[in-house]
Amino acid sequence: MLDDARALGEELLAAGLRVAVMEPDEDVRAVRESLGLTRGEFAIRYGLEVDALEAWEDGRDEPSRAVRSYLKVIRRLPSEASAALESAPG
């Protein structure tokens with residue numbers, strides 16, 4: 001299935017369209033552990049529910065596409081993602 005998605009992505013790129021490729025298994029635990037945070041700390045810092053985080057890490061549920069995108073941002077720009085939430089109005 002991943003090969004089919006990659007082939008489709010290549011066809012779209014050849015047609016001049018930009019494609020965001022999402023890996024199906026953004027490793028939530030690896031992202032969190034790379035930052036040296038507990039589940040609770042990670043959830044608080046990045047505005048996630050601890051129960052959802054536990055379910056993703058334990059394999060009982062999978063993060064949505066939007067959450068996988070957010071995890072990719074956290075993995076690449078952890079300080080910026082945290083700072084953006086701290087300065088958010090409301």
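Hi everyone, let's start where two helices meet: Tyr 70, Val 73, Ile 74, Arg 75 and Arg 76 in H5 touch Pro 78, Ala 81 and Leu 85 in H6. Contact here means heavy atoms within 4.5 Å. The residues of this contact divide into 6 nonpolar, no polar and 2 charged. For that sorting, Ala, Val, Leu, Ile, Met, Phe, Trp, Tyr, Cys and Pro count as nonpolar, Asp, Glu, Lys and Arg as charged, and the others, Gly among them, as polar.

Before going on, a word on the source: this is a predicted model, where local features need pLDDT of at least 70 and side-chain atom pairs count only at pLDDT 80 or more, while totals for chains, interfaces and linings use all residues. Residues are numbered from 1 along each chain as its sequence is written, and side-chain values use heavy atoms, with hydrogens and water left out.

Back to our two helices. Two packed helices are described by the angle between their axes and the distance between the axes. The axes of H5 (residues 65–76) and H6 (residues 78–86) come within 5 Å and cross at roughly 115°. Those axes are lines fitted to C-alpha atoms, for helices over the stretch in contact, with angles running from 0 to 180 degrees between N-to-C directions.

Now the whole chain. It has 6 helices and 0 strands; helices (H or I, at least four residues) and strands (E, at least two) are DSSP runs, numbered from the N terminus. Of the 90 residues in the chain, 27% are buried, where buried means under 20% relative accessible area, exposed over 50%, and partly exposed in between (1.4 Å probe, protein chains only).

Next, the aromatic rings. How many aromatic pairs does the structure hold? There is 1. The ring centres of Phe 42 and Tyr 46 are 5.1 Å apart and their planes stand at 55°, so this pair is tilted. The rule is that rings of Phe, Tyr and Trp (its six-membered ring) pair if their centres lie within 6.5 Å; planes under 30 degrees apart count as stacked, over 60 as edge-to-face and the rest as tilted.

Both residues sit in helix H3 (residues 39–46), 4 residues apart, about one turn of the helix. An α-helix has 3.6 residues a turn, so residues three or four places apart point the same way. Phe 42 is buried, at 0% relative accessible area, and Tyr 46 is buried too, at 2%.

Is Arg 32 buried or exposed? Its relative accessible area is 8%, so Arg 32 is buried. A polar atom of its side chain lies 2.7 Å from the backbone oxygen of Leu 37. Leaving out residues up to four places away in sequence, Arg 32 touches Leu 37, Thr 38, Arg 39, Phe 42, Leu 53 and Glu 57. The C-alpha atoms of Arg 32 and Phe 42 are 6.4 Å apart, with the two residues 10 apart along the chain.

Arg 39, in helix H3, has contacts beyond four places in sequence with Arg 29, Arg 32, Leu 53, Glu 54, Glu 57 and Asp 58.

Last stop, helix H4 (residues 50–57). Leu 53, Ala 55, Trp 56 and Glu 57 are buried there, and the buried residues of H4 pack against H2, H3 and H5. Just after H4, Gly 59 takes a positive phi of about 80°.

Conventions: A polar contact is a pair of N or O atoms within 3.5 Å; within protein, one must be able to donate a hydrogen and the other to accept it, and residues adjacent in sequence count only if both atoms are side-chain atoms.
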